[in-house]
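Hi there,

Here is the structure I promised to pass on.

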Amino acid sequence: MRLYDTATRQLQELPPPPGPIRMYFCGPTVYQRIHIGNARPFVISMWLRRWLKLSGYEVTLAENITDINDKIYAAAPGDSARLAAEAADWYREDTSALGLDRPDVEPQATESVPAIVAMIGQLVSSGHAYHADGDVYFRVASFPDYGKLSGRHGDEEATRNPSEEDEEAARKQDPRDFALWKAHKEGEDTSWESPWGPGRPGWHIECSAMAEEHLGPAFEIHGGGVDLIFPDHENEVSQSRALGHEFARLWMHNGMLRLSGEKMSKSLGNIVSLRKALEEWGRETLLVYFLGGHWRKPIDYSDGVLTQAYAQTFTFRNAFISDVPALPSSDWSAFENALNDDFNTPEALAVLHEWATAGEKGLLRRGLKVFGLKQLADIPEPPGEIRELAEQRQEARRSKDFERADALRREIESFRWEVRDSGDGYTLVPQQQ
């Protein structure tokens with residue numbers, strides 16, 4: 001299998017099965033419910049883990065939760081710990097509703113402070129970091145490869161102040177330096193002890209420490225949104241490799257979701273929460289929607305695009321209702337080749353549609369299961385009362401009492417079942433949740 005690597009700007013082959021494959025994907029900063037764009041790296045990581053396991057790999061997926069951050073302090077002054085804990089629970093609740101299981105490890109920054117402090121101490125003692133009035137900063141000049149991951153190597157102006165968090169510029173020896181530890185400030189309700197005084201970690205050191213704590217100093221894949229390449233991931237790889245750790249061998253950066261042509265983000269205020277999207281469209285529609293976009297490319301979010309994804313779920317469900325004999329179609333290798341070539345889910349989706357058209361129920365069921373869509377293949381038996389209403393409606397149709405037939409259809413739909421007429425017969429299909 002091969003995947004595109006941001007660092008080398010080309011496709012890279014994964015080691016052969018069984019690997020192992022250790023993956024670290026950046027999760028959210030928790031201060032409100034996540035938006036549908038935040039869900040994309042979660043979905044990609046869960047699908048990739050599932051596919052790698054099916055391909056014979058031993059896989060470990062770690063996906064962090066950032067619950068120490070300036071944004072959390074700003075969102076709940078004096079009460080950030082409560083908000084972070086509550087929002088972390090929202091994140092787990094909403095992503096679990098996608099039905100894709102959970103990562104193997106979900107470290108939280110608040111639980112990882114000892115490992116973070118230890119790593120900062122190693123950077124200070126090795127000369128790659130310095131202490132300044134309670135803060136600790138990474139010395140960018142001590143790491144000659146700074147900027148290579150993001151393509152900004154040697155461009156000092158482009159790497160100034162590489163952090164989304166507030167930092168004391170006057171304490172820095174170089175404008176490019178970034179905070180590893182921040183001294184406790186008035187109004188912040190949480191702090192931890194350290195050799196440099198009470199405070200809390202900077203944003204970037206959290207992931208370096210958590211990734212290495214759970215996956216070791218070298219691991220195969222690091223993922224996250226393309227917006228994290230700089231400064232977050234540039235700083236992660238710099239501070240880890242400054243200590244002689246290989247860190248991530250391949251970098252996967254997914255494209256952003258766009259709403260009205262703009263990147264969906266909390267800062268722009270143009271977000272649709274994952275919870276709202278689930279309530280409006282259901283998990284199956286959202287998963288088919290994500291399948292339609294290559295993980296490296298941006299993807300538009302609109303009612304039109306979601307309506308198309310919703311219609312596709314009916315195409316798959318109908319394939320298991322139809323009694324049409326199977327027609328010639330591609331075999332499993334076409335699906336396998338699509339996913340092994342840079343995890344091309346749009347191409348895999350096209351193969352699924354080919355199988356649906358050809359009536360290849362066995363292959364279609366097997367393929368849908370990879371993406372958490374097995375329910376589209378499982379057509380349950382309707383309850384007795386629904387079957388009775390359908391029979392009454394059928395009798396009303398025979399008697400040409402179409403008003404009563406329509407009323408019975410609406411009653412059946414109120415129980416979230418749909419009647420599909422076919423000649424003199426009918427089929428009962430559960431509506432999507």
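This is a predicted model: local features need pLDDT of at least 70, side-chain atom pairs count only at pLDDT 80 or more; totals for chains, interfaces and linings use all residues.

**The cores.** The largest nonpolar core has 75 residues, and those touching the most other members are Ile36, Ile221, Tyr301, Phe335 and Phe371. Helix α1, residues 39-54, gives the most to this core, with nine residues. There is also a second, separate core of 40 residues, including Ile68, Ile205, Val237 and Leu243.

**Asn254.** This residue belongs to strand β10, residues 247-254. Is Asn254 buried or exposed? Its relative accessibility is 4%, so Asn254 counts as buried, the cut-off being under 20%. Beyond residues up to four places away in sequence, the contacts of Asn254 are Arg40, Pro41, Ile44, Gly224, Gly225, Val226 and Trp295.

**Asp89.** Helix α3, residues 80-96, holds Asp89. Asp89 counts as partly exposed because its relative accessibility is 45%. Although 59 residues separate Asp89 from Val30 in sequence, their C-alpha atoms are 9.1 Å apart in space.

**A hairpin.** Strands β5 (residues 129-132) and β6 (residues 135-138) run antiparallel and are joined by four bridges. Ala132 sits opposite Asp135 in β6. Two residues lie between the strands of this hairpin, and Asp133 takes a positive phi near 55°.

Happy browsing!

Definitions and conventions. Residues are numbered from 1 along each chain as its sequence is written. Side-chain values use heavy atoms; hydrogens and water are left out. Buried means under 20% relative accessible area, exposed over 50%, partly exposed in between (1.4 Å probe, protein chains only). Two strands pair if DSSP finds at least two bridges between them. Contact means heavy atoms within 4.5 Å. A nonpolar core is a set of buried Ala, Val, Leu, Ile, Met, Phe, Trp, Tyr and Cys residues joined through side-chain atoms within 4.5 Å.
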